[in-house]
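Please look through the sequence and the model shown below before reading the report that follows.

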Amino acid sequence: MLIPFLKMHAQGNDFVILDYFAPESFALAKLDFSSVAEELCKPHFGIGADGLVLLMPNESCDAQMFIHNADGSTAEMCGSALRCVTWILHQKTGKKEFRVQTEAGLKTCYVNEDNTITVNLGMPSMLKSAYQVMDFTGDLVEIGNQHFIVWVNSLKDDPHLQYGSAIEHHKGFAQTVNVHFAVLLNRTAVAIKIWEKGCGATLACGTGASATVFSGIAKGLLNNEVEVLMPGGIVKINASANGYLLSGEVCQSFQGVYNWKI
Ligand SMILES: N[C@@H](CCC[C@H](N)C(=O)O)C(=O)O
């Protein structure tokens, strides 16, 4: 069976996207997407990506988005993928504002004049403040999915690679978590290194960038408008009264068909 796909990324956070608005994708409906995600996301053996995204029609809004991480697990939310599917919807319709249903609720998404995409991720909440895990003290933040933010003085030694996996699976959390090590640059800029649950080190993470800014604001370290520098690029977070707005570029890198085993 041939699986038509798009490949997109946001600051290097990359996705294989199956577009169910396209008639040629209808035949894929019965696939086990957990297995498909695992195979297609595998570098060298598959296409290689951080996640598999399903973009589907929804009767009560513009579209529905489902996400599987590279290990096949499901994710409730993904700020990078939401911006990528917004771009696809814009290409199809020419519209500049969309409402997309996700596992974390209905999200409003905008195409800006400069073709960057802004998505409203809603209001984060602090699940645990100054929480001790292994040798680290961090904030556990919920923004549809869960993120543990550890503030450090330097990212030089790649703490996410050393400790990310152990923190992700730590028994002190009720579920596995995304992990971010953050360095404060000034009141409007922060740098992070990322370990995502279900996929490992990634070059960017939209919900993680937003959760980090929420943690920084809660500590009195950051203003409401902040640039988040990640290994793959920069996003802007605006902590508005209506929700956390995540903005940045997205890129469609290629499209193709994958030769699935059945
Ligand atoms: N691994 C995450 C889902 C992906 C988050 C993403 N990269 C983003 O941009 O927000 C999870 O399982 O929560």
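Why does G206 count as buried? Because G206 has 30 C-beta neighbours inside 10 Å, it counts as buried, a class that requires 20 or more other C-beta atoms within 10 Å of the residue's own, whereas 12 or fewer means exposed and anything in between partly exposed, with C-beta atoms placed from the backbone.

## About the model

This is a predicted model, in which local features need pLDDT of at least 70 and side-chain atom pairs count only at pLDDT 80 or more, while totals for chains, interfaces and linings use all residues. Residues are numbered from 1 along each chain as its sequence is written.

## Overall picture

The protein contains four helices and 18 strands, which are DSSP runs numbered from the N terminus (helices are H or I, at least four residues; strands are E, at least two). Of its 262 residues, 43% count as buried.

## Two annotated residues

The UniProt annotation "binding site", from an unreviewed entry, covers N13, N69, N145, N178, G206 and T207; such annotations may be inferred rather than shown by experiment, and their positions follow the numbering used here, with feature names shortened.

G206 is placed in helix α4 and, leaving out residues up to four places away in sequence, touches A10, C78, G79, S80, R83, V235 and L246, where contact means that C-beta atoms, placed from the backbone, lie within 7 Å. N69 belongs to strand β4 (residues 63–69) and counts as buried because it has 23 C-beta neighbours inside 10 Å. Apart from neighbours within four places in sequence, N69 is in contact with A37, G51, A75, K197, G198 and C199.

Key. Contact = placed C-beta atoms within 7 Å.
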